[in-house]
Amino acid sequence: MSYNPEIPRSRYDNYGDREWTRLEKDAHGELLYQVHLDILKRYIKLTDKVLEIGAGSGRYTKDIVAMCSELTVADISSHQIEFNKSKMCELSLIDRIKAYHVIDVLDMSVFEDSSFDCVVCIGGVINYLLDKENDGIQEILRVLKSDGVLIVGAMSFIGASLYYLEGIRYEKDQFGLEATKWIFDTGIQDEEHYPVESKHYVHMMRSTELDALFAQFPVRVQERSSAGLFTQAGDAALENARNDKEFWKLIVEKEIAFTKLQGTLDCGMNIIYVVQKL
Ligand SMILES: C[S@@+](CC[C@H](N)C(=O)[O-])C[C@H]1O[C@@H](n2cnc3c(N)ncnc32)[C@H](O)[C@@H]1O
């Protein structure tokens, strides 16, 4: 199946405020948020011109804007962009955002080459690109300055298969064992091989695929991290952990530390790569 921009656009145009609440409504969301925030803080410099592509409702926009000198916000979904604007108004941050754009990461011709010191593309934009993954990275690197940093986050297939194993077994009865082998072999949930009712067609990735993708470009990988590792403990254990404040503080610290270990890279719900353009 090839990339269809209507899939992410219509999904996120009809998402209501779920994107805003996604990262705070439960313990899993908080783990994702804290791991991403830690990485953003360590790589974004106060003097940076930053592009946040696939910004969604603005959970990270509100943080990134305070970390850099200039922030441009973009997303394929006009609904998400409007939502982001209204949240930044509410938080009195709107004047600090340079511009908003409704654009596809594959065509960012509104920006000149080498416009940004840092591009943030987290939360799974890359998973929707399917056969256009290379084109997406190429376009991001075009707008990034030499030595600039790209922070990219993807849904992790192995992590998702651990967490959603029961769902995969249920879907085996719907789609058959060949489809199940396909999803385990490729991580690709598409119309042809794995026609989920939600039409949420994505390529959930492994770190080996991200390594192979970035090996094709003049970049240096600076950091690899998983995110949502303790999510594998299960919803009940995680919520109990979060209700115990001193324990939760420790778990968040350990989530940030353990997600940097090579052995955990594919086991969280997301994989994050920080790469520098050479
Ligand atoms: C799961 S949300 C993540 C939002 C935010 N970055 C976060 O991590 O919370 C994914 C966002 O990427 C946007 N998106 C998906 N495909 C895109 C594309 N090809 N170009 C630009 N934005 C895209 C969606 O509209 C949505 O707002």
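1. Ground rules. This is a predicted model, where local features need pLDDT of at least 70, side-chain atom pairs count only at pLDDT 80 or more, and totals for chains, interfaces and linings use all residues. Residues are numbered from 1 along each chain as its sequence is written.

2. Strand β5. Start here: 9 of the 12 residues of β5 are buried, so β5 is largely enclosed by the rest of the structure. Buried means that 20 or more other C-beta atoms, placed from the backbone, lie within 10 Å of the residue's own. Strands (E, at least two residues) and helices (H or I, at least four) are DSSP runs, numbered from the N terminus.

3. Partners of β5. β5 pairs with β4 in the parallel sense, over 5 bridges. Pairing requires at least two DSSP bridges between the strands. β5 and β9 run antiparallel, joined by 7 bridges. Look at I151 in β5: V120 stands opposite I151, and V274 is its bridge partner in β9.

4. Helix α6. α6 spans residues 133-143, and its buried residues include I137, I140 and L141. The buried residues of α6 pack against β1, β4, β5, α10 and β9. Contact here means C-beta atoms, placed from the backbone, within 7 Å.

5. Ligand site. Which residues come nearest to the ligand? Of the 20 around it, they are P8, Y12, G54, G56 and G123. Near means a C-beta atom, placed from the backbone, within 6 Å.

Definitions and conventions: Contact = placed C-beta atoms within 7 Å.
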